[in-house]
Amino acid sequence: MGLDFNAAPTAAVFAHPLRPGEYPSEHEREGLEHIGFFGEFFDAAGMDSHTLAERLITGQGGNFPSNWKGLREHQAPVHVYGDATGRSRSMASAGTESNWSIVSRVFSELGRRFILTVPSVNPTIVLSVRALNAKLENALGVRSCWIDPVFCPELIRDCMSVTLTSDGLDIVKHARSSGSGDERWKRSHLSDSARYIVSARYAALAKPQGRSFSRENMAEMADRLRPAGGTSGGSGYGGSGSTFGGRYPGGKLGSGPWGGRGL
């Protein structure tokens with residue numbers, strides 16, 4: 001599970017490793033793990049960290065398969081990934097306890113099934129975008145990341161519309177504008193959550209290959225994410241200017257036992 005702490009919207013994505021037969025066989029490669037996003041929690045109105053954690057525990061709200069009953073009923077390990085800035089007290093509901101401390105307290109009822117994996121510092125935007133793109137579709141055309149179109153519509157909208165800033169080093173964030181009808185402020189938080197999962201679980205994809213983390217090198221990598229003649233993003237997840245360049249697989253994930261594996 002990936003969490004992105006934000007006052008509004010509130011966002012969390014759920015994924016698990018896929019077994020052979022749950023994805024197209026032409027993308028199967030020895031040693032390559034496939035990951036499937038099977039559900040999402042997205043609330044545009046927002047909520048505090050404690051309320052979010054409680055709803056994830058009980059399975060209240062969100063888009064999930066019918067047999068999903070929340071983390072409390074989930075019997076496999078629950079790996080939680082997320083934003084390093086969630087350690088900041090200023091983002092927490094009461095202002096005196098960090099978001100991760102609140103989530104860990106609520107999730108403690110899961111016992112040893114709860115495994116928190118949060119870096120001290122977030123990976124760079126360029127490298128984590130590259131990592132997610134590599135799972136969506138790598139340079140050889142192999143896909144190893146799949147998104148359920150029924151239960152993850154907001155994540156798909158993110159992948160279709162999120163763009164990079166003009167220097168290619170950050171993701172464009174839009175402020176909420178009351179009465180304008182512009183809903184771009186909702187975007188990026190679910191794909192941020194997906195990036196946290198991928199960059200942590202498949203760390204090698206989010207590391208520079210023999211390169212330093214200089215701003216110049218990051219800008220060079222960002223240039224590679226842009227289409228020829230374009231201003232930002234990759235070839236598009238359906239949107240020509242989107243940051244995430246993997247193509248949407250177009251089909252549902254396999255109908256395996258969603259509650260039976262680690263997240």
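Glutamate 109 is partly exposed, with a relative accessible area of 44%. Partly exposed means between buried (under 20% relative accessible area) and exposed (over 50%), using a 1.4 Å probe and protein chains only. This glutamate 109 forms a salt bridge with arginine 72. The model is predicted: local features need pLDDT of at least 70, side-chain atom pairs count only at pLDDT 80 or more, and totals for chains, interfaces and linings use all residues. Residues are numbered from 1 along each chain as its sequence is written, and side-chain values use heavy atoms, leaving out hydrogens and water.

**Salt bridge between glutamate 109 and arginine 72**
- A salt bridge is a side-chain nitrogen of Lys or Arg within 4 Å of a carboxyl oxygen of Asp or Glu.
- In this pair, the closest N and O atoms are 2.7 Å apart.
- The pair links distant parts of the chain, 37 residues apart.
- Glutamate 109 sits in the loop between helix 2 (99-107) and strand 5 (114-117).
- Arginine 72 sits in the loop between helix 1 (49-58) and strand 4 (78-82).
- Helices (H or I, at least four residues) and strands (E, at least two) are DSSP runs, numbered from the N terminus.
- Arginine 72 is partly exposed, at 39% relative accessible area.

**Other salt bridges**
- Searching the whole structure gives five salt bridges.
- Side chains of opposite charge can pair when their charged atoms come close.
- Glutamate 97 pairs with arginine 105 in a salt bridge, and their closest N and O atoms are 2.9 Å apart.
- Glutamate 97 is partly exposed, with a relative accessible area of 22%.
- Arginine 105 is partly exposed too, with a value of 43%.
- Arginine 195 forms a salt bridge with aspartate 192, with the closest N and O atoms 2.7 Å apart.
- Both arginine 195 and aspartate 192 lie in helix 5 (residues 189-201).
- They are three residues apart, about one turn of the helix.
- Arginine 195 and aspartate 192 are both buried.

**The whole chain**
- The protein chain has six helices and six strands.
- Along the sequence, the pattern runs β-β-β-α-β-α-β-α-β-α-α-α.
- Of the chain's 263 residues, 50% count as buried.
- Contact means heavy atoms within 4.5 Å.
- Among contacts in the protein chain with a separation of 6 or more, 71% come from residues 24 or more positions apart.
- The protein chain exposes about 11900 Å², and carbon and sulfur atoms supply 50% of it.
- Accessible areas come from the Shrake-Rupley method with a 1.4 Å probe; for residues, only the protein chains shown count as cover.
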